Structure formats: C-alpha cells, structure tokens
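Trainee: I would like to learn how to read the features of a model like this one. Can we take them one by one?

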Amino acid sequence: TLFRDLLLAANDEKELLEMVDLLKTATSVVAGEAAATAGQASESLWTQPEYQEVIDELPAERVAFLYVNNELLNGLRERQEIVVKPDGTASASSPAKNLTHYLKAQGLAFVATASGLDFRGVALGDRAALDADETTLDELRAHKTYLHKFMPSERLAVYLESYGFANMIERQLGVSEQKLGFLEELGIGDLSSSNTLQQLFGKGYSVALHQNEGFLPGITIMVDVNDGRGLAGVLKESLDKKVSDLVSLLKFQGGALGESVSGESVMLRGGAFTAIRLDVKAFMEVYGQAGPFVLPDNVSGSTIWLSYGITKEGYFTVSTYDGWLEELAEEGGSVPLSEDEVYEATREALGGFKEGVVYVRFESLLALLNTFQGFREALRRDAATVYEEAGVVDDVQSVSAGIQDVRAESVDWAELLAPLQSFAFSSEAEKYRVRLGGSVLIP
C-alpha cells in the first residue's frame, strides 16, 4: 500500500496496518499534535536496543542496510524443529548448537565508494548464552593471514585462508573425532585423539582454486603443521608408500595403463615433494580410440598433476595446480599472492580486517568457467556425433534443442561478472562481537 510518499509491503494484513499506525503516530508527533493513540501503537524497530546497537556499529552513509533479529529467528527455528513421535506426541529435537544460536542481532550495510562497493557488518553475541556454555565468538583464536605469502598468484581465481583447521573439521562440518579414526590406517597414531588433530591441523590453513593449462581446475590445500611436524612427516611417508604401491601396480599391468601414470620426487619450496603425473590421452587409450571413448580435442594431450609435501616453512601442501611445480618469485617463478597488485589493492580496501580472508579474482574465475564451458560443449558435440552414428538422431536433436532452450534462459554470468575486478571478505572477532568487512573493486 502507499502511505503518502512511502510504499509499504508485508505478507500479513495486521502487520501492514501496524506499520501505517506507526507512521501516523510519528508524523503526528513531528507536527506537534497530541497523539492520543501513541501509547497503543506497536513498538517501532527504532526503539529496540539491539537494533540501536547494530546501527551504531555500522557506517552512517550507506546505500542499503540489512538487519536480522537472531533471537526471533532462533525461536522460529526451534518451533520448526518439533519432532512428532509415532504415538502422536510432540517433543523438541536437540540439534547441535551453531554460531547463530549465540547471536542476538546482525546488521549489514552497503557503502558506495570511488573504487566499487564496500560492505560492513556486525554480529552481536548473546552474552547470557555464551557465558552459560562457557564459549566465545572468537574461540577459533583467528590470527592475521600469513599463508598468502606462499601461494602462487598466477592464474589464481579463488583463495580462502582461515585458522583452526581441526576446529573446522570437528565443529563446522559436524565431523566427530571418532569418525576420523579411519585415518589411523595412514600410521600417524590415534587420530580419534583431539590432541593429535590439534597438533596436525590446529593452526592456519588455506584453499586456492587456479586455472590449469588443461581442462581441469587446480585445487591447492595448504595446512600449517608446525605444531605436529613429526606427525606430518610420518603422514607423508605413509602416503608415499601407498602412492608407490599404486604406481608399481599400474606399471606391472603394462601397456597404455602403465605408460599413463608416473611418479617422481622433487624439491619445492625447500621441501621434499612427491609429484604424480597422469597422461589423459594415454590413459584413455586403454578403452580404444572409437565410439564414446574418443576424447575432445581440447582434452587430448592434457596432463593431470598431483603434488604433495611439506615446505621448509612447515606447511603441508596438496595440489593439483600445475603451476605449483614452479618456484615462487625469489626462485624465478610465480609472484606470491601477498605481493600481487590486485590482491594488495583489494586487501587495502578492506581496511583493518585481517583475520582470515576470502578473495576472488573475477578475470581468472571467468577464464576458468569458460574453459569448463568449452569442455562441456566439446563433450556434448562428441556425444551427439556418437549417437547420430548409432541411429538415434531424432533423440539427439530433441535433447540438443532442449539444451539450447535452457541455455537461452540461463543467467549470463560472464556478462554480469565482466565489469568486476576482485572481491575480498574478512572479519575481526571478539568475545561477544564479530565485525565483518568486504569490498568489490571495479577497474
């Protein structure tokens, strides 16, 4: 409904009327009239202390603003988690408490800048709930980012760095220590022990997505294992043995299968690494060179790499990025992410937020998506050719037409993301409060 120069919308008629009453009361007070019904009107959001606390934390100049009342949201969630028993009675379930359970309110503001768009947010903790469970919002003991100094920047599309990998495994993913017991087979002790997990994975970790020379993206996982470097060394030795046994088995098979896989030891980042190479074309020759096993041209000749090891700084790294086999700038190779110009500019826009980071370089991300799209198109064309030779042309044409219709209606991500240069998100946690910051840069 329209009220003077305001458009009001709600999915409940009563709520809409309450909004109108609040506006009438406010305009009456401003005009100096005695609002006899003011005491009977609904409470305004402006009068809520949690809302005022959130507003005070956010920039005054903003183009948009989002507010979440977590106390009401958690109450709605608890009502939805009522379990009906077979006898017809109902009882509340007891799900594991996550971060939102300890929040009372959140706010997010969007601010236009000369270089793009910033957003600043705040999450306020419920002191009573946190104190009752003897926990805090900064229990991850997040540190300033540091692993970005050792991540190659060339062709990097997405980067994430945080702290407390063991806590993330146990709490954020809901994986219990007992469920990780299968890792004991790698010979590094009792991984059902929280102490062992913390020694191996209790410090910083990062994940990166790169564009490879081939059709598959490169994924890198780096974990700071300095608290359990001896255990990490045993883990690598155990992996080496299993990889060596697998390669030897394939070599024993002989033929195309034996020729497609090879392994070698290399020195990278001052540490001993194992590199495994898979020749895709040679591997597919196992299935012959006809019918559905013919590879698209942009796949034939591709090589997939897997490398893992421990750097001289004590960072256990597993990567399928072919650029990881090169050294960093000081050794004549790729510039580390921390020294990349676009990354530095994006981090600078974040201001004082330095506890962990999520970073996206849109140019590299679009190149990666285009590579994947080209691979999918090549597979589709080859499949159509195979089925046409098999005499099912009509079915193929109908399916192809359907694919074209879906594609015509789908979102053109390249067009949407092309104007953007980069994005970064970070945070700063305290005992009862978490501040959030993000920036989108436009070149």
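Mentor: We start with how elements are named: helices and strands are DSSP runs, numbered from the N terminus. Arg347 lies in helix H10. Keep in mind that this is a predicted model.

Trainee: How many helices and strands are there in the chain?

Mentor: The chain has 13 helices and 17 strands. It holds 443 residues, of which 35% count as buried. Its accessible surface is about 25,100 Å², and 56% of that belongs to carbon and sulfur atoms.

Trainee: Which residues is Arg347 in contact with, leaving aside its neighbours within four places in sequence?

Mentor: They are Thr145, His148, Phe353, Lys354, Gly356 and Val357.

Trainee: How many salt bridges does the count come to?

Mentor: The count comes to 11 salt bridges. In one of these, the side chains of Asp322 and Arg155 meet at 3.2 Å, N to O. This pair links distant parts of the chain, 167 residues apart: Asp322 is in the loop between strand S14 (315-319) and H10, and Arg155 is in the loop between H4 and S8.

Trainee: Are Asp322 and Arg155 buried or exposed?

Mentor: Asp322 counts as buried because its relative accessibility is 17%. Arg155 has a relative accessible area of 18%, so Arg155 is buried too.

Trainee: Which residues are linked in a network of salt bridges?

Mentor: Glu57, Glu430 and Arg433 are linked in such a network. Within it, the closest N and O atoms of Glu430 and Arg433 are 2.7 Å apart. Glu430 is partly exposed, with a relative accessible area of 32%.

Trainee: Where does the backbone show a positive phi in a residue other than glycine?

Mentor: Glu134 has a phi near 50°, and Arg155 has one near 65°. Glu134 is found in the loop between helix H4 (127-132) and strand S8 (156-163). Glu134 is exposed because its relative accessible area is 74%.

Trainee: How do I read a surface patch?

Mentor: Patches are made of residues with over 30% relative accessible area and no salt bridge. Glu339, Glu341, Glu344 and Glu348 form a negative one. Glu341 lies in helix H10 (residues 341-350) and counts as exposed at 67% relative accessibility.

Trainee: Which residues make the nonpolar surface patch?

Mentor: Leu160, Val207, Ile219, Ile221, Leu306 and Val318 make a nonpolar patch of about 390 Å². Leu160 is placed in strand S8 and counts as partly exposed, at 32% relative accessibility.

Technical notes: Residues numbered from 1 in each chain as written. Predicted model: local features only at pLDDT ≥ 70, side-chain atom pairs only at ≥ 80, totals over all residues. Heavy atoms only, no water. Patch = residues over 30% accessible without salt bridge, like charges linked within 9 Å, V, L, I, M, F, W, Y side chains within 5 Å. Areas by Shrake-Rupley, 256 points an atom, 1.4 Å probe, with all protein chains shown as cover. Salt bridge = Lys/Arg side-chain N within 4 Å of Asp/Glu carboxyl O. Lys, Arg positive; Asp, Glu negative; His and termini not counted. Charge placed at Lys NZ, Arg CZ, Asp CG, Glu CD. Helix = DSSP H or I, 4+ residues; strand = E, 2+ residues; numbered from the N terminus. Buried < 20%, exposed > 50% of the residue type's maximum accessible area, 1.4 Å probe, protein only. Contact = heavy atoms within 4.5 Å.
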